[in-house]
Amino acid sequence: MSAVPVEPVETPEPAWRQRAVERSTRAAKLRAEQRVQRFLDAAQELIADKGTTDFTVQEVVERSRQSLRSFYQHFDGKHELLLALFEDALSRSATQIREASAAGRDPLDKLRIAVDLLYHSSEPRAGAQSPLFTDFAIQLLVSHPDQVATAHLPLLGFFTELVEEAVAAGQAVSPKPRRTASLIMQTAMFTARAPSAPVGAHPSPISAEEVWAFCLGGITGGATTGTETDQAPQAPAKKTATARRTTTRTTTAKTPRGKA
């Protein structure tokens with residue numbers, strides 16, 4: 001009498017079936033990505049034409065030459081579409097800054113390049129409109145700060161790497177590199193977009209060099225000026241103090257007693 005198995009034996013799926021399903025899945029994913037990109041491109045064109053994010057979903061659908069049904073298969077609505085554009089722009093910015101910073105000679109120099117690029121990329125440009133950042137991003141910051149934080153993750157991740165590398169090289173001190181990276185990013189971005197700092201009766205724009213000097217002082221424990229960023233923060237001060245003591249001793253030795 002033959003034994004009857006307690007559990008049914010599962011027949012493994014044929015390899016050809018797995019290959020067919022994977023091929024079908026890849027093709028469907030590619031088509032979906034192409035449809036999404038056409039919606040993004042259409043929205044970007046409308047923003048460029050109008051100079052504002054004030055457009056309708058129907059306009060995006062018509063510009064992309066796709067269906068409304070297809071739009072809602074990929075996006076919950078206009079907000080999610082704008083959020084996708086915002087995240088895409090920040091992701092590209094992170095890639096560009098990463099590539100440019102690679103030219104730095106050491107971790108601290110790479111961080112300096114990254115801060116400079118982030119500052120200048122955040123500056124308002126005369127005659128150039130960027131409503132995705134001036135309008136939508138500001139509204140997003142107020143209504144959905146968690147989404148803003150998520151969109152900045154590629155940049156934050158890269159700046160955290162730079163801070164960690166500087167700490168490992170003994171060029172910086174930071175018990176919490178990720179928080180330090182966030183502070184550096186916010187200082188660069190918001191200072192670039194903020195009105196000029198008032199100095200007396202005249203506005204005085206805060207430069208990228210001043211922002212870097214401020215950030216450098218924060219992670220090294222010393223204050224520097226924009227022209228001293230390549231030196232150890234405390235070195236100039238120590239040298240000046242030493243020179244002052246030497247000059248004092250020399251003057252005292254050469255001055256006759258009883259004379260001023």
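This is a predicted model: local features need pLDDT of at least 70, side-chain atom pairs count only at pLDDT 80 or more; totals for chains, interfaces and linings use all residues.
Along the chain, Asp 109 and Leu 162 are 53 residues apart, while their C-alpha atoms are separated by 9.6 Å.

## Packing of α5 against α9

Helix α5 covers residues 107–122 and helix α9 covers residues 177–193. The axes of α5 and α9 come within 8 Å and cross at roughly 35°. The crossing of α5 past α9 is right-handed.

On the α5 side, the contact is made by Leu 111, Val 115, Leu 118, Tyr 119 and Ser 122. On the α9 side, the residues are Ile 184, Met 185, Ala 188, Met 189, Thr 191, Ala 192 and Arg 193. Sorted by class, the residues of this contact are 9 nonpolar, 2 polar and 1 charged.

## Helix α4 and Gln 96

Gln 96 belongs to helix α4, which spans residues 78–101. Gln 96 counts as exposed because its relative accessibility is 53%, over the 50% limit for that class. Between Gln 96 and Ala 114 the C-alpha to C-alpha distance is 9.6 Å, and 18 residues separate the two in sequence.

Val 61 is part of helix α2. With a relative accessibility of 5%, Val 61 counts as buried. Leaving aside residues up to four places away in sequence, Val 61 touches Phe 39, Gln 66, Ser 67, Leu 68 and Phe 71. From Val 61 to Ala 42 the C-alpha to C-alpha distance is 7.9 Å, with the two residues 19 apart in sequence.

The loop between α2 and α3 (68–74) contains Arg 65. Phi of Arg 65 is positive, near 60°, and the residue is not a glycine. Arg 65 has a relative accessibility of 75% and therefore counts as exposed.

## Overall make-up of the chain

The chain has 11 helices and 2 strands. Read from the N terminus, the order of elements is α-α-α-α-α-α-α-α-α-β-β-α-α. Of the 260 residues in the chain, 30% are buried.

For contacts in the chain between residues at least 6 apart in sequence, 62% join residues at least 24 apart. The chain has an accessible surface of about 17000 Å², and carbon and sulfur atoms account for 55% of that surface.

## Confidence along the chain

The mean pLDDT of the chain is 82, with 77% of its residues at 70 or more. Among the elements, helix α2 (residues 57–64) has the highest mean pLDDT, 97. Helix α11 (residues 235–254) has the lowest, 42.

The pLDDT is below 50 over residues 223–260. This stretch has 21 contacts in the model beyond near neighbours in sequence.

Key:
Residues are numbered from 1 along each chain as its sequence is written. Side-chain values use heavy atoms; hydrogens and water are left out. pLDDT is the predictor's confidence in each residue, from 0 to 100. Helices (H or I, at least four residues) and strands (E, at least two) are DSSP runs, numbered from the N terminus. Contact means heavy atoms within 4.5 Å. Axes are lines fitted to C-alpha atoms, for helices over the stretch in contact, and angles run from 0 to 180 degrees between N-to-C directions. A crossing is left-handed if the near helix is turned anticlockwise from the far one by less than a right angle, and right-handed if clockwise. Ala, Val, Leu, Ile, Met, Phe, Trp, Tyr, Cys and Pro count as nonpolar, Asp, Glu, Lys and Arg as charged, and the others, Gly among them, as polar. Buried means under 20% relative accessible area, exposed over 50%, partly exposed in between (1.4 Å probe, protein chains only). Accessible areas come from the Shrake-Rupley method with a 1.4 Å probe; for residues, only the protein chains shown count as cover.
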